[in-house]
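Try each task yourself before reading its solution.

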Amino acid sequence: MGTLNTLEGSGDESLVILQSLLCLLREKNLLTRADIEELCDRVSSRAKQAECAPFPCSEKAANVAAAEMARIGGYIGSRYGGKHRRGV
């Protein structure tokens, strides 16, 4: 899945667990490619509204999360394939 930026205490352990969980759920067809795309959209939307979201967070952290989710979504899409979500 690529390399992680290694910063002390940056939550890399959690990121590795979540990346692995997403891949496992996709392998078992519990998540569709459309589900992954929707999750990418939600994370991106949260990054755009970082300060006024119901669960406020750092704008920088939200943008990094959106970029990482897009990368994970791209990896899962190319690795496991599947149907894309229908246009909204």
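**Exercise 1: A loop residue**

In this predicted model, Asn29 sits in the loop that links helix 1 (12–27) to helix 2 (33–48). Work out whether Asn29 is buried or exposed, and look up its phi.

*Solution.* Start with the surface: the relative accessibility of Asn29 is 59%. The cut-off for exposed is over 50%, so Asn29 counts as exposed. Now the backbone: phi of Asn29 is near 60°, a positive value in a residue that isn't glycine.

**Exercise 2: Checking a helix**

Find out what span helix 1 should have at 1.5 Å a residue, and compare it with the distance between its end C-alpha atoms.

**Exercise 3: Two faces**

List the buried residues of helix 1 and say what covers them.

*Solution.* First, the buried ones: Asp12, Gln19, Leu22, Cys23 and Arg26. They cover an arc of only 95° around the axis, so they lie on the same side of helix 1. Their cover includes helix 2 and helix 3 (59–80).

**Exercise 4: Helix against helix**

Describe how helix 1 and helix 3 cross.

*Solution.* Take the axes: they come within 11 Å and cross at roughly 30°. Next, the handedness: the crossing is right-handed. Finally, sort the contact of helix 1 with helix 3 by class: eight nonpolar, one polar and four charged residues.

Note on methods. Residues numbered from 1 in each chain as written. Predicted model: local features only at pLDDT ≥ 70, side-chain atom pairs only at ≥ 80, totals over all residues. Heavy atoms only, no water. Helix = DSSP H or I, 4+ residues; strand = E, 2+ residues; numbered from the N terminus. Buried < 20%, exposed > 50% of the residue type's maximum accessible area, 1.4 Å probe, protein only. Expected span 1.5 Å × (residues − 1). Arc of directions from axis to C-beta. Contact = heavy atoms within 4.5 Å. Axes fitted to C-alpha atoms, helices over the stretch in contact; angles between N-to-C directions. Left-handed = near helix turned anticlockwise from the far one by under 90°. Nonpolar A, V, L, I, M, F, W, Y, C, P; charged D, E, K, R; others polar.
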